[in-house]
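These are my notebook entries on packing in this structure. I looked up side-chain contacts, cores, helix packing and domains, in that order.

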4 protein chains.
Amino acid sequence: MSAPGDLLDEQQELVSPATGRPLTKRGEATRRRLLEAAEAVFAEQGYHEASIVKITERAGIGLGTFYLYFDSKQTIFEALVIDLNRRVRHSMSEAMEGASSRLEAERAGFAGFFRFTAEHPALYRVVREAEFVSPETLRLHYTRIVEGYEAGLRAAQRAGDVDPQLDPAVAAWALMGMGELIGMRFLLWERDAEGRPPAEIDPVVFDAMARFIDNALAPRRGQDGDAK
Amino acid sequence: MSAPGDLLDEQQELVSPATGRPLTKRGEATRRRLLEAAEAVFAEQGYHEASIVKITERAGIGLGTFYLYFDSKQTIFEALVIDLNRRVRHSMSEAMEGASSRLEAERAGFAGFFRFTAEHPALYRVVREAEFVSPETLRLHYTRIVEGYEAGLRAAQRAGDVDPQLDPAVAAWALMGMGELIGMRFLLWERDAEGRPPAEIDPVVFDAMARFIDNALAPRRGQDGDAK
Amino acid sequence: MSAPGDLLDEQQELVSPATGRPLTKRGEATRRRLLEAAEAVFAEQGYHEASIVKITERAGIGLGTFYLYFDSKQTIFEALVIDLNRRVRHSMSEAMEGASSRLEAERAGFAGFFRFTAEHPALYRVVREAEFVSPETLRLHYTRIVEGYEAGLRAAQRAGDVDPQLDPAVAAWALMGMGELIGMRFLLWERDAEGRPPAEIDPVVFDAMARFIDNALAPRRGQDGDAK
Amino acid sequence: MSAPGDLLDEQQELVSPATGRPLTKRGEATRRRLLEAAEAVFAEQGYHEASIVKITERAGIGLGTFYLYFDSKQTIFEALVIDLNRRVRHSMSEAMEGASSRLEAERAGFAGFFRFTAEHPALYRVVREAEFVSPETLRLHYTRIVEGYEAGLRAAQRAGDVDPQLDPAVAAWALMGMGELIGMRFLLWERDAEGRPPAEIDPVVFDAMARFIDNALAPRRGQDGDAK
DNA sequence: AATGAATGAGAATTCATTCAT
DNA sequence: GATGAATGAATTCTCATTCAT
């Protein structure tokens, strides 16, 4: 269960696809600038509207230089998904650190996710578009996050904090789907008069969602260890 | 709240975008053949890989003829999404008809959704891709479905079948997100040795999801009418 | 022995590589304009300096139109070699028609070749460059011409006009090599003050070459049927 | 008549095109490694497929270093042709050394040429491709070889071994054209099952060619000294 | 002397859309 | 109504050459 995820995590030595040689300091900096530009361009224009030229211009880098670091538009897109995955998971686990109860942890995790989404609209758009650009990469992304949810749910079940009859895998995917669509509807679709998305999700909505989750997960009274 | 949905439903009189005149019998048939061909081509190849030539060839129609019926590639795509939206909602409400309890209705609704997805795995792709082709159309699609959920939840709350403290709108989006990701993970990603998706979702998964939903929606003991 | 040559001759029905459909009258005219432009551009600039844009501009045709008639630069190049081959062979056999002796026929054949070369510098350059662009096509071209020489030599041997001990195939390739290099040196490399090649080969050179050939082919005295 | 050839022969002092200064010992070694790598790469891949990176990698030298020794890709190609010209002429004159008659010398010369071709089949390609890369260099190459033929023919004419009415220049070009095409057809096009060219030209073909040449050059009976 | 990261002009190719027939 | 030849803007990718280190 950890194998596919590793692909996303291990920090392989980066090499130039053009020369096959490992990257120098300068090279790593250039690669990072390209990734940052790609994040912005893909987020704003989407995969198909984006072009290598737009990315390199945004990065302030020559067109040909792109191909010293990435094989193609698809390659940088995939690298970006992997990068975002690492960051969103980091953002979530950071937010959950120090939570003293399941409920607190849940809220903190979702809050971390929404915060990251608000700050990086790229995450949302890029990840969902990955379904049509590189399905395999999308699977890795989703799977990796779900694994974290699932492990948390299992632990909470052992602690008696979560309905023991829930299937943790199914519940994890359900939670992820919830988060995605609520984020889309109440964060990304909400715009002010100038068309800018809000800095964070409406607390009322957040609380409503929290209640939904709480209902779903909480052990039902009088059922503690007696399941099925 | 009903205005946008109407756009999806009302059967406007069809006119040729080229001449502005209403379609003849023969014209309507040609238009339908184009839509059917587009459904197949978009489903198999995705929006960007699809081309007008492929669609017209599949429809057995001259290339130029396409523009007598649709303004652009995007236009026919949008028409197709609207068509699919009508069909999936029909499939769901048909499934829910005659359910005698909230629980039964829930399960029937999701079952209808999954059945439609299993029967038209590729059509699912068209809808999700709409997010990147015509976001406005996708909003209509989602909104229209969510409205149905929401109305159902409100009614069930009034009947005391659903936790009165839940926000029906948020809960409806949560349910939709759940359905999407569970359908993707446990239906579309599951393939047999020949790479074909299963005819229906695994009943065990379905039951696990049902329990999750049931937990989320059920009124908590001792709270029945006293909330809000 | 006739199989490969046929490839050069048979007038296949022309189809568009884009649509797979046979060409209309208009289509055939466009294709011909492209071939003529390609002849000029390849001759002047060579294969690698030539570009599709240059060819279509010369033909007075839109860039995209090119791809309705040819798959690639290489494809039109090959079509051009085949076309030139047909024409130079026609030019040679026309020139040889009505020659009343071997000697006369030889001279007429080479004269036809040089005349065609002077009028179509493309022949020379395109054909020789084919060695590096499409070796297979070059083989067809050379083989087809050599077959004609060879058949002529055999007939002349039977008539007692040519040294019966000569191997007609080897002699045919020798004659072709001669013609090529003499044409290069004394026709294409000769330029007037303005850098233009002469309209025909210097008659003195032509006569010198004719003597060389005559020596090579003529039956040696007293050897007629008595070979080796 | 000797001026252009000198360009091929004189061993100019080598200077760096970058600094204009004469090469050091180490520099000369680097230059030689580049030339050897270029020979292999141009031979295997042709001029346009070859790239500076491929050459420097093969030479085990940094990319930028290339430009300390050669101005451009074309420059190193020309240097290579000149090098090969020297070697093929050396191979031919070595073969002709000690021949005791015109006939023997002729055969030896062609044998030397074919041997060189068989041993360096790919180098042959470099020379022929020069026609399209650097026509001027090819002229030098051809001219230099033809001059040797021509001088030999003149001497043989004086000795009464060659038809005095032949024009030695035209005959020399004719012989060279013959050799080229016969070498191409009967040496380079002949491949065994594994696609490798034979080690030498078929002796039967060689003899057939020799007879053709012999016919062409031999003084005709009864004409010995009376011509012109 | 040597290096290799950076550059950008230039090439091939695609395809939504137009319009004359 | 129907057709399909024609179009050209836009995109991806290559590679000879430069130059700061």
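Entry 1. I looked up C:Phe42 and, leaving aside neighbours within four places in sequence, found it in contact (heavy atoms within 4.5 Å) with C:Tyr47, C:Ala50, C:Ile55, C:Lys73, C:Ile76, C:Phe77, C:Leu80, C:Arg125 and C:Val126. The model is predicted: local features need pLDDT of at least 70 and side-chain atom pairs pLDDT 80 or more, while totals for chains, interfaces and linings use all residues. Residues are numbered from 1 along each chain as its sequence is written, chains are lettered from A in the order written, and side-chain values use heavy atoms, without hydrogens and water.

Entry 2. I then looked up the nonpolar cores (sets of buried Ala, Val, Leu, Ile, Met, Phe, Trp, Tyr and Cys joined through side-chain atoms within 4.5 Å; buried is under 20% relative accessible area with a 1.4 Å probe, protein chains only). The largest has 137 residues, and C:Phe42, C:Ile182, C:Phe212, D:Phe42 and D:Phe212 have the most contacts inside it. This core lies between domain 1 (13-75) and domain 2 (81-217) of chain D, because both give residues to it; the bounds come from an automatic or database domain assignment.

Entry 3. I looked up helix 6 (residues 102-119) and helix 9 (residues 168-188) of chain C, whose axes come within 11 Å and cross at roughly 45°. Helices here are DSSP runs (H or I, at least four residues), numbered from the N terminus, and axes are lines fitted to C-alpha atoms over the stretch in contact, with angles from 0 to 180 degrees between N-to-C directions.

Entry 4. Nine residues of domain 1 of chain A and 10 residues of domain 2 of chain A make the contact.

Methods. Buried < 20%, exposed > 50% of the residue type's maximum accessible area, 1.4 Å probe, protein only. Helix = DSSP H or I, 4+ residues; strand = E, 2+ residues; numbered from the N terminus.
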